[in-house]
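Please look over the sequence and the structure before reading on.

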Amino acid sequence: MILVLGNSMLIPILPKMKAVLDVSQFKVSFIISVFSIAAAVSIPILGYLSDRFSRKAVIIPALILYGSGGFLAGAAAAWFSNSYMWILAGRIMQGIGAAGTAPIAMALTGDLFKGGEQSKVLGLVEASNGFGKVISPIIGSLLALLFWYAVFFAFPIFCLISVLLTIFFIKEKKKEKEPPPVGKYIKGLISVFKTEGRWLFAAYLTGATCLFALFGILFYISDILEKEHQIDGLLKGGILAIPLLFMTTTSYITGSKIGKKMKLMKSLIILGLLLMTASFSTLILFHKLVPFFAVLVISSIGTGLVLPCINSFITGSVPADRRGFVTSLYGSVRFLGVAIGPPIFSKLMEWSRTGMFLTTAGLTLLCGLLCLILIHVAKKEPAEDSDTLFEKLQFT
């Protein structure tokens, strides 16, 4: 949940930040993007380190760095006259720290749980991610009532709580054997991507597209609520939370029901992407808020169907000694989706509202076709108590 606060809490205050810092729409969207780019670059490195040493050894320092970056950005906004570059520096620190949170937590879930329980907990992880998205616009709007940069000072508090919870409540299994040398580790990863590469590509692209569409549309909504409807503050945060609430609820229910039913997972992924395609295609017809959001929640439900299934596929496809890297690479592409969402949507908004929605619909439809073609599930379902799908099931 800590991960998504990094971007979602800032969404409601972006227009205010733009005005106070006196920067362009593109520059203010970059405050979201640098966080995500820094995370995307750092995640594979931290994923390898978590495989090499332990998950906690990566998570705890990452959270400390995350909180420190927030403090730097807040201090710069409060005390420096030209604070934009300092805020970007703080956001880069936060992005590097964020790389050691949710992706490593996914690998840790794969280590600690097996079979259907693993899918259920991964659904809970995705729901926690979604719940963070639900509450963060509201928290961001409430904190902005104090002063616009108060959001940055909230990060160290959340990170401290998470550090304490991780130290006292996460008990990792002891590694039974020494981690492999770097050369052997890389060869193992190459073998994974040789045998599983085609469907992993489809899964990675789908995860990135879901996050691209989500953060792009939130950026768009934040802008039109203020400019066209004069809605700001807590009400704005509450409205931004509506599609996220539907996504979170769907993620939790999906994760709790799918178990290790691989055919069901594939069907839900394709259904979810088709719902997203239908929703974005239809949004071009609606301008009033109520019908617009009624159609938008269809896309949110679709996202909630897709992400837990993709998480289970990716986490369960790789042996534990390489799981950290593969789930982290998935985290990287998700972050890239988040990073490019706001700036691309800002350009598409200038070009054409209709073009923006149809472009997004075309991308989700493409992902649906790729998943249909590239993900082939074996007829035999894996055992419920299996630690990994890799030995039990071959994707082609």
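Is Phe71 buried, partly exposed or exposed? With a relative accessible area of 46%, Phe71 is partly exposed. On this scale, buried means under 20% relative accessible area, exposed means over 50%, and partly exposed lies in between, with a 1.4 Å probe and protein chains only.

The model is predicted: local features need pLDDT of at least 70 and side-chain atom pairs count only at pLDDT 80 or more, while totals for chains, interfaces and linings use all residues. Residues are numbered from 1 along each chain as its sequence is written, and side-chain values use heavy atoms, with hydrogens and water left out.

**Aromatic rings**

The whole structure holds 14 aromatic pairs. Rings of Phe, Tyr and Trp (its six-membered ring) pair if their centres lie within 6.5 Å; planes under 30 degrees apart count as stacked, over 60 as edge-to-face and the rest as tilted. Phe71 and Phe153 make an edge-to-face pair, with 5.8 Å from centre to centre and 75 degrees between the planes. Phe71 belongs to helix H4 and Phe153 to helix H8, so this pair ties together parts that are 82 residues apart in sequence. Helices here are DSSP runs (H or I, at least four residues), numbered from the N terminus. Phe153 is also partly exposed, at 22% relative accessibility. The pair of Phe147 and Tyr149 is tilted, because the ring centres are 4.7 Å apart and the planes meet at 45 degrees. Phe147 is partly exposed at 36%. Phe71, Phe147, Trp148, Tyr149 and Phe153 together form one aromatic cluster.

**Pocket and cavities**

The spaces are found on a 1 Å grid over the protein atoms alone: a cavity is a set of points where a 1.4 Å probe fits but cannot get out, a pocket is an open set with protein on both sides within 12 Å along at least five of seven lines, and lining residues have an atom within 4 Å of a point. Grid points are joined across faces, edges and corners, and a volume is the space filled by probe spheres set on the points. There are two cavities of 30 Å³ or more. In the table, Ala, Val, Leu, Ile, Met, Phe, Trp, Tyr, Cys and Pro count as nonpolar, Asp, Glu, Lys and Arg as charged, and the others, Gly among them, as polar.

| Space | Volume | Lining residues by class |
|---|---|---|
| Largest pocket | about 1,000 Å³ | 27 nonpolar, 10 polar, three charged |
| Largest cavity | about 80 Å³ | nine nonpolar, three polar, no charged |
| Second largest cavity | about 50 Å³ | four nonpolar, two polar, two charged |

Of the 40 residues lining the largest pocket, Met1, Thr101, Ala102, Ala105 and Val125 lie nearest its centre. Helices that give two or more residues to this lining include H4 (55-79), H6 (102-112) and H8 (150-169). In H6, eight of the 11 residues are buried, among them Pro103 and Ile104.

The largest cavity has Cys210, Met247 and Phe280 among its lining residues. The lining of the second largest cavity includes Lys18 and Asp223.

**Cysteines**

No disulfide (a pair of cysteine sulfur atoms within 2.5 Å) is found in the whole structure. For Cys210, the nearest cysteine sulfur is that of Cys367, 7.2 Å away. Cys210 is buried, with a relative accessible area of 1%, and Cys159 is buried at 3%.
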